[in-house]
Amino acid sequence: MSELLHFSEHTLQEVALGFMALVYTTRIAWFLRFKAGGERQASTGTPKRTTPKRGILYSWANVAMPWAMESTRRQYLIYAQFVIFHLGVTAAIGLSFVIPYWPHLLESQTLVLILQIIIGAAFLVGVIRIFRRVGNNYMRAISSPDDYFSLLLLTVWFFFATLAVPNNTSGGEWHLLTYFILTAFFLIYVPFSKISHYLYYPFTRYYLGKTMGHRGVYPVQRG
Amino acid sequence: MSEQTTTRSHKAEQVLERMGQKLNRQMVGSLLACVHCGMCTESCHYVLANPGDPTYAPAYKGDLIRKLFKRHFDWTGRVAPWWVKAGSVWSDEELEELKDTVFGKCTNCRRCTLNCPMGVDLATFNRMARGLLVSVGVMPEGVAVVSKDQWEIGNQMGVLKEDYLDTLEWMAEEMQDDLDDPTADIPIDQTDCEVVYSINPREVKYDPRSIADAAKIFHAAGESWTMASEGWDMTNFGLFSGDDDLGGSVAQRLYEKVNELRGKTLVISECGHGFRSTRCEGPNWAKFDVPFVMESSIFTMLRYIKEGRIKVDKSKNSRPVTYHDSCNMARSCGLYEEPRELLELVCSDFREMTPNRAENYCCTGGGGAMSMSEYTPRRLKSGIIKANQLKDTGAEIVVTSCHNCVDGLTDVIRHYELRIEVTQLVNLVANALVLEPKSETVADDASKEVMPGLA
């Protein structure tokens, strides 16, 4: 392993992670400075079925319940893409820890194959998403340069992550180097981009769930 | 929007300054969390009725407000505005453009909120944007007129006290004739009653029958009830205009009247936004801890039947009926099972429309749209979704528990030439009432005098 690759796998990642943690902490502190609105009124709905607590749990779990929302029920293929894409993100991030710290795990050809399938599928979904964002006029109308760039960045990252999975340098280090440099860039860029949505997700969903639970809407009951 | 303009208009300046004061954590979360995934697009009835026009997409509409937040309150938009589509407002014309969207392209129905995977509550910050515009006088003419009436006269239709009391007297006489019972009455300003009944001024002006029907039900149930001579309007235009001060003032007027009359329960007649404003939002706007029970008349009527205080015969309502869920009741207050329970008791042929409950589509009249005539063609065009929903049920009558929905549905039905009547639960319950012969009623009343509290 070259010194450059070693630096990319360790020091670069640690610095990038530290930077991301710092920015995220600042970001959350800023967010929490806004006062949360409360509800004075007695709850509506059926207390046995809907409470703020149930509402919060339902709201958080919503992402794993495609049947719960009409949008995910009807657009089930897009939901499936969402699942694959985010599994890919998880796997590719996990890979950036496995290669430097637990490389022996990748001696298992089964694990290598599974990771390559997941991340490879996420890459394909990324390509589909790029076409959708560019080709659909509704998507174009709501897209910002950050939306395009973030998607492109992740798709390219998936591509190199797929190549990096076997952790094999016999043909050269360029694919591993590119993957780790992209990962570091990704970690630094994320807090400034839409990719940081997962940081807000628990909060947004918490407050919506609390309100909707208090008001008897969550969990949604369908007829 | 051009940022080359050197000076910002006074109104634009005020809007931005007040936005900072209005933002709370829930709103900021919603403004930050949108990932532009587009999943909300097809949840909006405006989008479905205007295929190919992205300006109706919830995320697009939300971005018109979000860009202000990003440009002025979020660092990403401050550092690199073009990268995240952040922007500002500079002129009054731009505020007018924003008005066209927040008032004219969204009924705040909250359908997109429930369909957003991230939990972005567009309806809440759309209402905030309305409030900001209203605070600088940028609003549809109808919103200004109705708000003024509610501020100054105390009800949103400008009904004068004399006309209101005359109508109640007239309805009481009609009820006495109808029931052949001179004791049937609409009590005014009685203290220490179990129920204080609040209504929508539309009932006084256009639908007094619903007041008479409610009175008939209270009378049949032997309820101790009253209406207030003032502070009787449970509607609240503050919900639509986004003006929390108006919202709080109107709600407090109602709460204080109930307190003054020492009423135990405030019963809110069938009105989606009135129920939501009075029951759910009012205490927050007014910062008032309500010491009495507040309930929709749907609960009251259902309770009377369950307790055997009134008897109903469902065969009296035999025509096929469907139910339209008001957005404010279903998606903001979780009130959707009780109306169905009641319908099953008073109608013999109830059919669900699809989708229903919290997934129902707006009648097109939500968010105060009925008072914004400049957007009527747009509203009626979007009504095709509701028209198709209604048609598919094969029902002859559509029941709703909201006066705005009555008007919205009536417009849609007329425009799309459907043969469907619109009515409310109170009308069906009153029609299904099985009244005791007069002599027995009098005897019952006499026994009540001997043993108060049994009723």
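This is a predicted model: local features need pLDDT of at least 70, side-chain atom pairs count only at pLDDT 80 or more; totals for chains, interfaces and linings use all residues.
**Which elements of chain B cover the buried residues of α16(B)?** Among them are α12 (208-221), β3 (265-268), β4 (293-296), α18 (337-346) and α22 (425-432) of chain B. Residues are numbered from 1 along each chain as its sequence is written, while chains are lettered from A and ligands numbered from 1 in the order in which they are written.

**View 1. Helix α16 of chain B and its cover.** Helix α16(B) spans residues 297-306. Helices here are DSSP runs of H or I with at least four residues, strands are runs of E with at least two, and both are numbered from the N terminus. The buried residues of α16(B) are Ser297(B), Ile298(B), Thr300(B), Met301(B), Leu302(B) and Tyr304(B). Buried means that 20 or more other C-beta atoms lie within 10 Å of the residue's own; exposed means 12 or fewer, partly exposed is in between, and C-beta atoms are placed from the backbone. Gly308(B) follows α16(B). The phi of Gly308(B) is positive, near 75°.

View 2. Helix α6(B) covers residues 92-102. Its buried residues are Glu94(B), Leu95(B), Leu98(B) and Val102(B). An α-helix has 3.6 residues a turn, so residues three or four places apart point the same way. On the other side of α6(B), Glu93(B) and Glu96(B) are exposed. The cover over the buried residues includes α1 (10-22), α4 and α8 (122-135) of chain B.

**View 3. Strands β1, β3 and β4 of chain B.** Strand β1(B), residues 195-198, pairs with β3(B) in the parallel sense over four bridges. Two strands count as paired if DSSP finds at least two bridges between them. Ser198(B) stands opposite Ile268(B) in β3(B). Four bridges also join β3(B) to β4(B), and these strands run parallel. Here Thr265(B) is opposite Val293(B) in β4(B). A right-handed β-α-β unit is made by β3(B), α15(B) and β4(B). Right-handed means that, with the strands pointing away from the viewer, the path from the first strand over the helix to the second runs clockwise.

**View 4. The four-stranded open sheet of chain B.** The strand order is β7-β6-β8-β9, with parallel pairing. β7 (350-351) and β9 (421-423) are the edge strands, and each pairs on one side only. Strand β8(B), residues 397-400, is joined to β9(B) by three bridges. Ile397(B) stands opposite Glu421(B) in β9(B).

**View 5. Where chain B touches chain A.** The contact takes 50 residues from chain B and 46 residues from chain A. Two residues are in contact if their C-beta atoms, placed from the backbone, lie within 7 Å. On the side of chain B, α2 (25-33), α4 (58-73), α15 (272-286) and α17 (327-333) each give two or more residues. α2(B) gives the most, with seven residues. This side divides into 24 nonpolar, 16 polar and ten charged residues. Ala, Val, Leu, Ile, Met, Phe, Trp, Tyr, Cys and Pro count as nonpolar, Asp, Glu, Lys and Arg as charged, and the others, Gly among them, as polar.

**View 6. Ala161 in chain A.** Ala161(A) sits in helix α8 (residues 145-164) of chain A. It is buried, with 31 other C-beta atoms within 10 Å. Not counting residues up to four places away in sequence, Ala161(A) touches Ala92(A), Leu95(A), Ile119(A) and Tyr179(A). The C-alpha atoms of Ala161(A) and Met1(A) are separated by 18 Å, at 160 residues apart along the chain. Chain A has ten helices and zero strands. Of its 223 residues, 37% count as buried.

**View 7. Confidence in the model.** The model scores ipTM 0.95 and pTM 0.93. Chain B averages a pLDDT of 94, and 95% of the residues score at least 70. pLDDT is the predictor's confidence in each residue, from 0 to 100. Over residues 445-455 of chain B, pLDDT stays under 50. The model has five contacts beyond four places in sequence for these residues.
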